[in-house]
Amino acid sequence: MAGKTQANIGFEKQIWDAACVLWGHIPTVEYRKVIIGLIFLRYVSSAFEKRYQELVAEGEGFEDDRDAYTMDNIFFIPKNARWDVISSAAHTPEIGKVIDDAMRAIESENKALKGVLPTNFANPDLDKQVLGDVVDIFTNMDMGDAEESQDLLGRTYEYCIAQFAEKEGKGGGEFYTPASVVKTLVAILKPFDNCRVYDPACGSGGMFVQSAKFIKAHTGNRGTISVYGQEANPDTWKMAKMNMAIRGIEANFGPHQADTFTNDLHPTLKADFIMANPPFNYHPWGQEKLTDDVRWKYGLPPANNANYAWIQHMIHHLAPNGKIGLVLANGALSTQSGGEGDIRKKIIEDDLVEAIVAMPTQLFYSVTIPVTLWFISRNKKQKGKTVFIDARNMGHMVDRKHRDFSEEDIQKIADTVEAFQNGNLEDVKGFCAVATTQKIGNETNNYVLTPGRYVGIEEMEDDGEPFEEKMSKLTSELSELFVKSHELENEIRSKLEAIGYEI
C-alpha cells in the first residue's frame, strides 16, 4: 500500500515511471488522456466512497442521494463507475470498455463534467494487459486520509502534466506553465481568501492550484477563491476542468472552450487577481473583427502580435484594486512596431506598471527564449514608481536543458517587490532598482521597460590589478587566440582540399 511515506519519497514519480509502460502502445496525446483520466477517476471514486461510508454509518438512508454528495463538492459516482468495479475488471479483455462506460456514467450524473472526461480506453491500440497493470497501481494507493489523498493525487496530476509538457516539447507549452514561474507570480501577488482569480489563457489551471496552495499556507485552510478561466484548446480545457475537480476547486471555465478575444466568456468580470501565461507573440488573433472593441483603451493592438491585446484585455477585467501578473516574451518590453510603443507609453503614464522581473532562459519546456514577468496594479502603493528586477542569473539547472527556481529564489524576488511596496527597498546594482515614471519616459529610456537599463551591471570586486596592465594582458591573449584560429582554419582548408573540396 502506498501511504504517506511513499508520497514523501516521490509517489508522483513512481506513478509516472510505472505508467510509462504504456508508452509506445498509444500516441502521445492519447496517452496523456489515459493517465490524466485514470488519476481523475481514482480520486473522484475515492472521495465518493469515503462520503458513502459516512452516510451509511449515519443510518439516515441518504447514501444514494446525489445531493448528499454535491453539497460537499463531491461528485456522485453511479455503481458501474466506482473503483471496485474497475479494479475487479483490471485483468479482463473488457477493461477498456469498463473504464469508458464509467466515464460516460459519471458525465451523465454530473452535468458539469459533460463532454470533459476521456473515453479512449477501449482503443484497440492500447494494450489491455498493460492498462490493467496501471489500474493496479492506482488500486494499491492508500486513500484512507482524504486530505492527504487529495494532495497526493493533485501532486501526481501536476507532475504528470509537467512530464507530458517536456515529452511533447513545443506543444506541451500550450497547457503547462513551469511551477517556478507560477509560484513566483503567486508569491508576488499574494492572493487572499474570498478573492476572484481569473486566467484568460488558463491551460491546465496551474495558476488556480498555486493560488489555492498559497492561501492554505497562509491561513491554515484551503480557503475560498472564485475561479474564472478560459481556454481555446478543447483538450486543454478538459484537463483544466479535471484539475479543478481533483483539487476541490469550484471553477467557471464557461460551458465550452472558446477564443478569449473573439468570444469573451466572462464579459462583465472584474477580478481581484489576474494571472496568465498567454501564447507568446500570438497571431493572427482576429484583430480585423475587433477594431472597435471596448477593451483597447490604450490603442488598437497590431494584427501580427497579440501581446498588447492580452495586456489590455486583462486591464479591462481588473477590479478597482486588482492586480495582474503575466508572462510575456521580452520583445514586449521595448517594441515600437504597430503602435505597441504608444500603447506601452499610455499604460505607463496611467501608473499601472508596478514591477518588471526579467527571468532566465530555459525555464520553459516549449521555448528557450527569455521571458519577463509583468505586474500591473490598479492602485499601486508607490505612486509614480516601478521596481525593476533582473533575475536572469538566478535559479539552477535541473538537467542539461531546463532551469528551475528554488523556494529561496522565489522568496528573494517576492521580498524585493514587497520591500518596494513598503517604501524601504534599496537599489542593488545588477539586481534591482526603483525608477520613477519620469525616468522611464525620459529621452534616454523612451518608455522601454527592459530591467537592465535601470538596474545596471553588477559591480565586480576590484582585484587590485591596474586597468592598463589588465587590458595589455587581455589583448595579448586575444592576439594569440586569433593566431591559433587562423592556423586551425588553414589546417581545415588543407584537409578539405585533400579530399577534393575547396572553400
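Modeller: Let's take E7, a mostly covered strand: 7 of its 7 residues are buried. Keep in mind that this is a predicted model. In a regular strand, side chains alternate between the two faces of the sheet. In E7, one side carries Val371, Leu373, Phe375 and Ser377, the other carries Thr372, Trp374 and Ile376, and all of them are buried, which leaves both faces covered.

Now for the neighbours. The open sheet has 9 strands with mixed pairing, in the order E3-E2-E1-E4-E5-E7-E6-E8-E11, which puts E7 between E5 and E6. The edges belong to E3 (251-252) and E11 (432-436); each has a single partner strand, so one side of each is left without a neighbour in the sheet.

Strands of a sheet pair through backbone hydrogen bonds, either parallel or antiparallel. E5 and E7 run antiparallel and are joined by 7 bridges, with glycine 325 standing opposite phenylalanine 375 of E7. On the E6 side the run is antiparallel too, with 5 bridges to E7, and here valine 357 stands opposite leucine 373.

What about helices? H9 (residues 179-189) lies across E7 (371-377), and also across E4 (271-276) and E5 (318-329), running at about 155° to E5. Another helix, H14 (residues 407-421), packs on the sheet and touches E5, E6 (353-358), E8 (385-390) and E11; its direction makes about 160° with that of E8.

For a parallel pair, look at E1 (residues 195-199) and E2 (residues 225-229), joined by 5 bridges; there, tyrosine 198 has tyrosine 228 in E2 as its bridge partner.

Technical notes:
Residues numbered from 1 in each chain as written. Predicted model: local features only at pLDDT ≥ 70, side-chain atom pairs only at ≥ 80, totals over all residues. Heavy atoms only, no water. Pairing = 2+ DSSP bridges. Helix = DSSP H or I, 4+ residues; strand = E, 2+ residues; numbered from the N terminus. Contact = heavy atoms within 4.5 Å. Axes fitted to C-alpha atoms, helices over the stretch in contact; angles between N-to-C directions. Buried < 20%, exposed > 50% of the residue type's maximum accessible area, 1.4 Å probe, protein only.
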